[in-house]
Amino acid sequence: MYLPRHLAIIMDGNGRWARQRGLPRILGHQQGVEVVRGIVEECSNLGISWLTLYAFSFENWGRPEEEVEALMELLATYLRNEVPTMLKHGIRLNVIGDTGRLPGAVATMLDESVERTRSQTGMVLTLALSYGARDEITRAMRKLASAAARGEVAPEDISEQMIAAQLDTVGLPDPDFLIRTSGEMRISNFLLWQLAYTELYFTETLWPDFSPDQLRQALHEYNRRERRFGLTAEQRSKEGNQEEGGRH
């Protein structure tokens, strides 16, 4: 099976999963964390190089205070429990988003977790925390505007590469494949720049019910897609043959 180098997932449906069962929303989030554990391990075992999870959006700060506090506690628990597993499997932790808004203790634990896994050479697991793509792009534009105001760059010289270098995802390839659970068919302010040519996959399954088997089903669908990046199928086929020839 041909795998995406970079898989991104919008993990949606925890609250609905709990509501359907007459449970508090936080129990849905707790079950969602259990699913994260299994999906991360499966992606690592499959050989996916980059996995990015939309864990807490910039807009999620507007949720009820008690839910936000519970989510921060879940994040801290996840880091405490899973970093040893990441080290065992060679997984490197990465974070994108406006993490300056995170509670101090959680931010410290996050920094320590990133540092502990920095030397790992396996899959890169990126958590999008306090992340919003419009916020990310706005911050990037401010950096470039400041550089232009200082005379360090001419506005007419600003390129796509220069913009990408100011984004939170610098150093990561753009996602090849995006999965969103829960039946919602939107990307909800997630990686707006980076998803320009990403293949999208939507499933009705709520995140707490999403299994490794369903992940593999989605990946099989990815294998059926033809990625042309604005070119014709014939051009892409020729490029692929040239790349294959270059490997010998």
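How close do the axes of helix H2 and helix H3 come, and at roughly what angle do they cross? Keep that in mind as you look at the structure, and remember that this is a predicted model.

1. **H2 against H3.** Start with helix H2 (residues 25–46) and helix H3 (residues 65–89): their axes come within 11 Å and cross at roughly 20 degrees. Angles under 35 degrees count as roughly parallel, so H2 is roughly parallel to H3. As for handedness, H2 passes H3 in a right-handed crossing. On the H2 side, the contact is made by Arg 25, Ile 26, His 29, Gln 30, Val 33, Val 36, Arg 37, Val 40 and Ser 44. On the H3 side, you'll find Glu 67, Ala 70, Leu 71, Leu 74, Tyr 78, Glu 82 and His 89. Sort the residues of this contact by class and you get 8 nonpolar, 4 polar and 4 charged.

2. **H3 against H4.** Now follow H3 to another partner, helix H4 (residues 104–116). The axes of H3 and H4 come within 10 Å and cross at roughly 15 degrees. These two helices are therefore roughly parallel to each other as well. This time the crossing is left-handed, with H3 passing H4. From H3, the residues Met 72, Leu 75, Ala 76, Leu 79, Arg 80, Val 83 and Leu 87 take part, and they meet Val 106, Met 109, Leu 110, Ser 113 and Arg 116 in H4. The class count for this contact is 9 nonpolar, 1 polar and 2 charged residues.

3. **H2 against H7.** Back to H2, which also packs with H7, at an angle of about 50 degrees and with the axes 10 Å apart. What do we call that arrangement of H2 and H7? The angle makes H2 oblique to H7. The crossing of H2 and H7 is right-handed. Look for Gly 38, Ile 39, Glu 42, Cys 43 and Leu 46 in H2, which meet Pro 212, Leu 215, Arg 216 and Leu 219 in H7. By class, that contact has 6 nonpolar, 1 polar and 2 charged residues.

4. **Rings around Phe 177.** A search of the whole structure turns up 8 aromatic pairs. Take Phe 177 and Tyr 201: their ring centres are 5.9 Å apart and their planes sit at 55 degrees, so the pair is tilted. Planes have to be over 60 degrees apart to count as edge-to-face. Phe 177 lies in strand S5 (residues 177–180) and Tyr 201 in strand S6 (residues 199–202), so this pair ties together parts that are 24 residues apart in sequence. Both Phe 177 and Tyr 201 are buried.

5. Is Tyr 222 buried or exposed? Tyr 222 is buried, with a relative accessible area of 4%. Phe 177 has 0% relative accessibility, so Phe 177 counts as buried.

6. **Two serines with positive phi.** Most residues other than glycine have a negative phi. Now check Ser 182, where phi is positive, near 90 degrees. Ser 182 lies in the loop between S5 and S6, and at 6% relative accessibility Ser 182 counts as buried. Ser 188 isn't a glycine either, yet has a positive phi of about 50 degrees. Ser 188 is also in the loop between S5 and S6, but is partly exposed, with a relative accessible area of 28%.

7. **Ser 49 and its contacts.** Finally, find Ser 49 in the loop between H2 and strand S2 (50–57). Ser 49 is partly exposed, with a relative accessible area of 30%. What does Ser 49 contact, leaving aside its neighbours within four places in sequence? The contacts are Arg 5, Gly 122, Met 123 and Val 124.

Key. Residues numbered from 1 in each chain as written. Predicted model: local features only at pLDDT ≥ 70, side-chain atom pairs only at ≥ 80, totals over all residues. Heavy atoms only, no water. Axes fitted to C-alpha atoms, helices over the stretch in contact; angles between N-to-C directions. Helix = DSSP H or I, 4+ residues; strand = E, 2+ residues; numbered from the N terminus. Parallel < 35°, antiparallel > 145°, perpendicular 65-115°, else oblique. Left-handed = near helix turned anticlockwise from the far one by under 90°. Contact = heavy atoms within 4.5 Å. Nonpolar A, V, L, I, M, F, W, Y, C, P; charged D, E, K, R; others polar. Phe/Tyr/Trp six-rings, centres within 6.5 Å; stacked < 30°, edge-to-face > 60°. Buried < 20%, exposed > 50% of the residue type's maximum accessible area, 1.4 Å probe, protein only.
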